[in-house]
Amino acid sequence: MTAYIVRRAILTLISIWMVTVLIFLLLHVIGPFFISDRSLDPNDWTESISYFLVPEEQLADPEMVRQTLARAGLDKPILERYLSWAGNLLQGDLGSSVLSERPVWDELKWRLPVSVELGLIALVLSAVTAVPLGALTAVKQDTSVDYTVRGYAIALSAFPNFWIATLVVEYASKWWRWAPDIRFEHLWVDPVQHFSVMWLPVVLIALTPGSVFVRYMRATMLEVLRQDYIRTARSKGVVERMVIIRHAMRNAMIPVVTLFGLVVPILIAGNVIFERFFTLPGMGKYIVDAVGDFDIPVIQSVVLVFALIISITNFLVDLSYAWIDPRIRYS
Amino acid sequence: MSEQETAPLTEEEFYELIPEDSRPWIQQKLSGMGRFAVRRPLGFFGGVIVVIFLTIAVFSPWLVPFDPYKQSLGDRFLSPSWTHLVGTDYVGRDIASRLIYGARLSLFVGMGTVLLSGVAGTVMGIMWAYLGKTFDSFMSMMVTAGLALPDLVLLIIAAQIARQAGVSEIIAIVVTLSFTRMWGVTRIYRSAALEVRSRPFVEAAESYGANSVRVMSRHVLPNILPLIIVSSTLALPNAILAEAALSFLGFGPAGEPSWGQMFAGEAREYFRRQIWMLWAPGLAIGLTVMGFNFWGDAMRDLLDPRLRGTT
């Protein structure tokens, strides 16, 4: 097991490094290359970046442009830029926004908890409701319960959650003159206000992973219910409820663990969409605004944080799965 | 039983044993479809939606009743009528025409992504299952890194770069989506290829000296083709949803009618006066995605029953 953990950890570290290279290439080479009329000269690329970072009235002044670029370290050669970014990252320095000049870390301190809270509560909510529902549809296969729950799950995976959100907001205001509360307060400042803002985005973000959990749980549960050990449990007289809960659901939930890795990118996408929709000060809103301004230091840090979250979850999912099912470790 | 009686049939003899269907061709096809409709009503329903969607998307320039870009402020917020089937929006554009052009964009993004990521995933997946240890560890690094990418965020960045650079945003969306989606596909195809590789006929082919290129292309690929078709069918609606989300956030192709953008931004202030601006694109996205999912599920059960119920 230790060898497996070490191997996966090294793999995860290397993959995180590869993600930093990729983000860097996208923002410092590919993007500027296309924006600068496909010039092959990296100096031109630097010029092209300045058009997005420097306020328009300062563009005429070469000295101002040079200062802005220098502040973000964007006037250096490409390789040096990467090395200094990576070096600073290793020391825990994420750089500063070019426009507001605020350190990215200062922003993350406030924003990361908001996004993590949204994502985690949504994940727990969807798992707690959808896993039993999925099991229920399998137990009641081909009954009206099965059809109703599955119908909702299929609809929720087809109709985008941001459309459902728009629908909810529109009809709530039309019928009950109710509008979602958007006066955000941090949890530690005003918990009541905090949750009166957060509950709706959390529920909306939970819809998509919920529909995934229902369908997957149903499939694995149906498979488990056909196994010999279920028949054995029944034939030795175990109460049906215990058969379902203790013997079937427990085993059916093992493959569902792998879904957590799959669901995290969905949650991040949900964060990006709904933090903008409900103007919540989280990571998603931060990066959407930064992309609009082409604020390179912010973009690369936030993408990296997202990639870190996903790869760490994937790592933990792999480990827990290998722990549950020893066959994995040796493949 | 003597040897003669059980002598294997030649191929022609075998086919002669099958009674010939004397009905006209069209009737045969129709009864086949009827059987499919009865046995898998949802799959049939999905297939109908897919066909309607494809027809609308491919023939959109000839199908639109009005110019989807043309604003006419005198015709704002018209109710649905025979001229404007789902009414007009807040600048007087015909919503039905915009839906039809939106279908074209969705199809292009969906198809492009599925083709690009499908080809890349197939090539990488099969090679990963075949080539040696160095390539194996290289690929597991690439896939682990690829699966850690936040797709919507990269899509926003790529679309923004394309917009600033004056490059087609649609191409940027397709390329980025394919890049983020192909790693998962690669992993699925690799495990399928590994499974095929362990079967006896591959061993037989290898034993009479077929080289690995031949084994990969003639033996492994045809055997994972059903899986490729099914997973592509189920990946297409995902790409459509991703494009809709991007457009909803305001980073979609500028000026192009897109389903996700039709109920976002400025339009949100006018739902009171034209609720179809909200319902029409949402139903279009939902029904199309649902159609592809039902159709894909039915295809999976027909092509590869072992995969039944895996999603």
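Predicted model: local features only at pLDDT ≥ 70, side-chain atom pairs only at ≥ 80, totals over all residues.
Of the 331 residues of chain A, 40% count as buried. The C-alpha trace of chain A spans about 85 × 60 × 40 Å along its principal axes. Among contacts in chain A between residues at least 6 apart in sequence, those joining residues at least 24 apart make up 69%.

The domain assignment divides chain A into domain 1 (2-90) and domain 2 (104-324). The centres of domain 1 and domain 2 of chain A, taken over C-alpha atoms, are separated by 33 Å. In the contact between these domains, 16 residues come from domain 1 of chain A and 15 residues from domain 2 of chain A. On the domain 1 side, the elements that give two or more residues are α1 and α2 (42-53) of chain A. Of these, α1(A) gives the most, with eleven residues. By class, the domain 1 side has twelve nonpolar residues, three polar and one charged.

The next topic is the contact between the chains. Here 39 residues of chain A are in contact with 36 residues of chain B. On the chain A side, at least two residues each are supplied by α1 (2-35), α6 (144-158), α7 (161-176), α8 (191-225), α10 (240-277), α11 (283-293) and α12 (296-324). The largest share of that side, ten residues, comes from α1(A). The side of chain A that touches chain B consists of 30 nonpolar, six polar and three charged residues.

Helix α11(A) can be followed in more detail. It is mostly covered, with eight of its eleven residues buried. The buried residues of α11(A) are A:M283, A:G284, A:K285, A:Y286, A:I287, A:V288, A:A290 and A:V291. Their cover includes α5 (104-139), α10 and α12 of chain A, together with α7 (151-165) of chain B. After α11(A) comes A:F294, which has a positive phi near 60°.

For A:M217, the contacts beyond four places in sequence are A:A130, A:V131, A:G134, A:A135, A:A252 and A:V256.

On chain B, B:G286 is found in helix α12 (residues 276-303). Why does B:G286 count as buried? B:G286 counts as buried because it has 20 C-beta neighbours inside 10 Å, and the cut-off for a buried residue is 20 or more. Leaving out residues up to four places away in sequence, B:G286 touches A:A158 and A:F159. The C-alpha atoms of B:G286 and B:I157 are separated by 26 Å, and these two residues are 129 residues apart along the chain.

Key: Residues numbered from 1 in each chain as written. Chains lettered and ligands numbered in written order. Contact = placed C-beta atoms within 7 Å. Helix = DSSP H or I, 4+ residues; strand = E, 2+ residues; numbered from the N terminus. Nonpolar A, V, L, I, M, F, W, Y, C, P; charged D, E, K, R; others polar. Buried ≥ 20, exposed ≤ 12 C-beta atoms within 10 Å, placed from the backbone. Domains from an automatic or database assignment.
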